[in-house]
Amino acid sequence: MTRLSKRLLLKTTACSTLAALAVLAGCSKKEEAPAAPATAAPAKAEPLKIAFAYVGPVGDGGWTYAHDNARKALDKEFGDRIVTSFVEKVPEAADAERVFRDMAGQGNGTTFGYMEPMLKVAADLKDVKFEHATGYKTAENLRTYDSRTYEGAYLAGVVAGGMTTTNVLGVVGSIPIPEVIRNINSFTLGAQSVNPKVRTKVVWVNEWFNPPKETEAAQSMINGGADVLMQNTDSSAVLKTAEKNGKYAFGWDSDMTAYGPKAHLASAVINWTPYYVKATRDALDGKWAADRTWWGVKEGAIDLVSLSDKVPADLKAKVDAARAGLKDGSLVVWKGPIADTDGKEVLAKDAVADDKFLGGIKFYVKGVEGKVPGADK
């Protein structure tokens, strides 16, 4: 499964309609209309229609909530030049194809599991432009976009490494794909940068959004000694569980402070607005092209926000230094030497991982307990 559900689809029929996930496109050519009387007012261009397909509910407080905030920002930025709509809780299954076809005059998709259905629909609807969040397959009318969430995970790790007293961290994982494994590893690397003694426990729930399972997973790790938790799932359940148990945790994708103010150390957030504004402009200006965009701290797409007052000043300074390094390029999360959990070198000293490497991570770094599910297959 892949988080392909956040895509913008832009249909250029009738002078541009944005339909399906993250597809934006403008009319490359306007139909010739009969000459109007000299006194007639110029016809108003039809708005670009942008539709979003969301994997979860807009009220999840995390992933889908972040995308919908960006959708609202588009409405504010472009006014009556666009019309946006969304469908929430679209399953990562065959039924997603039906939803995409229904949306083909409207919109956008936001999860990895939408990739194959979207490819199929894009092949049939050449006049619609599609965008897929976190995917890696493209077509002439389908492009992909993503955020470097692993940079936010690294910054959270810096805080976690300095705040733990047991040296045991916990991560609730959604689905064991490279995107999520990369975030778990980066969180651990960030923690190790300030505290080499830390180790990370992982419990997989195999869903993006399932608060009861997330709660159970978080509780099991707390019972196993973890005192700082992170998640790569979409609800606030992990933070709430930490609050109930008197432990620490982070918000993910959106600012989750309100869900557990005593437990909340910070939130690793995604700001989709910069990309969605760019994509919409590309569509409106006729500059949309099938490519891949992967933005992080440097482009304002990723940040660690709302640091708790419980975080000491010296640790906040380390977070600030790491953020500045990610922004100017002086800090690279995936730079060797890095070894996997068995001690095997995966990145030699001073070697820097390229995007192909980052997109294929199927191992835990040293310090993460256990094995990645299915890694030996």
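I began with β13, which gives the largest share of the lining of the largest cavity, three residues. The model is predicted, with local features needing pLDDT of at least 70 and side-chain atom pairs pLDDT 80 or more, while totals for linings use all residues. Residues are numbered from 1 along each chain, and side-chain values use heavy atoms, without hydrogens or water.

I noted the terms. On a 1 Å grid over the protein atoms alone, a cavity is a set of points where a 1.4 Å probe fits but cannot get out; a pocket is an open set with protein on both sides within 12 Å along at least five of seven lines; lining residues have an atom within 4 Å of a point. Points join across faces, edges and corners, and volume is the space filled by probe spheres set on them. Strands (E, at least two residues) and helices (H or I, at least four) are DSSP runs numbered from the N terminus.

I found two cavities of 30 Å³ or more. The largest holds about 40 Å³. Its lining includes Trp252, Asp253, Ala268, Val269 and Ile270. α4, β12 (248-253), β13 (264-270) and β15 (302-305) each give two or more residues to it.

I then checked the second largest cavity, about 30 Å³. Asp146, Ser147, Trp272, Tyr275, Thr293, Trp295 and Ala301 line it.

Last, I looked up the second largest pocket, about 250 Å³. Of its 17 lining residues, Arg148, Tyr150, Glu151, Leu331 and Val332 are closest to the centre.
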